[in-house]
Each structure stands twice: as C-alpha cells, then as structure tokens.
Amino acid sequence: MKFITPTIHGMLDYMAALALIVAPFILGLEQLALWLSVIAGVGLIMYSLMTDYAYSIAKAIPFGLHIALDSTAAVFFIIAPFIFGFEGITAIYYWVMGAGVAMVVLFTALQQPAKLES
C-alpha cells in the first residue's frame with residue numbers, strides 16, 4: 001500500500017511547504033498560528049533541500065530521518081490546536097494539514113521501486 005515514491009514525496013514536500021507559507025495569510029489565521037505554519041513551511045523547505053532524494057541539493061539527511069521529521073510535524077499540527085487553544089478555521093487548518101502530512105507519510109515507500117532490467 002506504499003504507493004508514494006521518494007521522488008513523488010519530494011514534489012509533495014515542496015507543494016506542502018508552499019501551502020504552509022501561503023495558506024495562513026489567505027485564511028487570515030491569527031498571528032501565532034500564522035507564524036507557526038510559516039516557520040514549519042520554511043523548515044520543510046530547508047530539510048527537503050538537504051534530504052537524500054530527488055529535488056534536493058545537499059543529500060545530507062537520510063530519507064528515513066526526513067520521514068521521522070514529517071511524522072513529528074504531523075503530530076505537532078494535530079495537537080497544536082489543543083496546546084495553543086486554536087479554534088474554528090485555525091484548528092481545522094491545523095488538523096487538515098497534520099492529517100495530510102500523516103497520510104503522505106503512511107503511504108510513502110522508503111525506497112524507489114526497483115527498475116526492471118530490459
């Protein structure tokens with residue numbers, strides 16, 4: 001059931017980072033929620049650029065560690081509304097983003113599929 005390859009995961013990372021940075025402004029989230037999301041988005045870009053997968057520049061972070069960071073971010077986003085008292089659209093935004101990251105992690109294969117030799 002792990003159908004998201006590391007290459008596709010990389011593409012999703014950059015799209016998620018963009019959403020984390022832009023969506024809070026569009027949704028008009030309160031300042032703390034907005035800046036936590038922006039910081040998470042910038043952090044995602046930074047560790048994605050350093051992950052050993054396609055679309056990175058440094059290849060310094062093993063993909064397994066990247067997945068662990070994503071998992072931590074998913075848990076943080078899911079519990080943040082309870083910790084910080086976020087309500088309404090802000091809480092929903094955090095739960096949706098957290099659930100989305102969790103789903104990507106759950107369906108990501110840790111290795112690229114083997115190529116068939118011809």
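Q: What makes a set of residues a nonpolar core?
A: A nonpolar core is a set of buried Ala, Val, Leu, Ile, Met, Phe, Trp, Tyr and Cys residues joined through side-chain atoms within 4.5 Å. Buried means under 20% relative accessible area. The model discussed here is a predicted one.

Q: Which residues have the most contacts inside the largest nonpolar core?
A: They are L20, L29, F77, F86, Y93 and Y94, in a core of 16 residues. At least two core residues come from each of α1 (6–27), α2 (31–49), α3 (63–84) and α4 (88–106). The contribution of α2 is the greatest, at 5 residues.

Q: How do you know what pattern the protein follows along the sequence?
A: The protein has 4 helices and 0 strands. Read in sequence order, this gives α-α-α-α.

Q: What makes the radius of gyration agree with that of a compact globule?
A: For 118 residues, the globule rule gives a value near 13 Å. The protein has 15 Å, and this counts as agreement. Along the principal axes, the C-alpha atoms fill a box of roughly 55 × 30 × 20 Å.

Q: How much of the protein counts as buried, and what belongs to carbon and sulfur atoms at its surface?
A: Of the 118 residues, 34% count as buried. The accessible surface is about 7,000 Å², and carbon and sulfur atoms account for 76% of this area.

Q: How do you know what share of contacts joins residues at least 24 apart in sequence?
A: The count takes contacts between residues at least 6 apart in sequence, and 61% of these join residues at least 24 apart.

Q: Which residues of α2 are buried, and what do they pack against?
A: The buried residues are A33, L34, S37, V38, G41, L44, Y47 and S48. They pack against α1, α3 and α4.

Q: Why is L32 called partly exposed?
A: Partly exposed covers values between the buried limit of 20% and the exposed limit of 50%. L32 is at 41%, and therefore counts as partly exposed. This residue also lies in helix α2. Beyond residues up to four places away in sequence, L32 touches F84 and F86. L32 and F86 are 54 residues apart in sequence, with their C-alpha atoms 9.4 Å apart in space.

Q: What makes the pair of F76 and F84 edge-to-face?
A: Ring centres must lie within 6.5 Å for a pair, and planes over 60 degrees apart count as edge-to-face. The centres of F76 and F84 are 6.2 Å apart and the planes stand at 70°, so the pair is edge-to-face. F76 is partly exposed at 28% relative accessibility, and F84 is partly exposed at 33%.

Q: How do you know which class the pair of Y93 and Y94 belongs to?
A: The distance is 5.4 Å centre to centre and the angle between the planes is 80°. Against the limits of 6.5 Å and 60 degrees, the pair is edge-to-face. Y93 is buried at 6% relative accessibility, and Y94 is buried at 0%.

Q: What does Y93 touch, and which residues do ring pairs link into a cluster?
A: Not counting residues up to four places away in sequence, Y93 touches A19, L20, A23, P24, L27, L29, S37 and F77. The structure holds 10 aromatic pairs. Ring pairs link F76, F77, F84, F86, Y93 and Y94 into a cluster.

Definitions and conventions:
Residues are numbered from 1 along each chain as its sequence is written. Side-chain values use heavy atoms; hydrogens and water are left out. The radius of gyration is taken over C-alpha atoms; the globule rule is 2.2 Å times the number of residues to the power 0.38. Buried means under 20% relative accessible area, exposed over 50%, partly exposed in between (1.4 Å probe, protein chains only). Contact means heavy atoms within 4.5 Å. Accessible areas come from the Shrake-Rupley method with a 1.4 Å probe; for residues, only the protein chains shown count as cover. Rings of Phe, Tyr and Trp (its six-membered ring) pair if their centres lie within 6.5 Å; planes under 30 degrees apart count as stacked, over 60 as edge-to-face and the rest as tilted.
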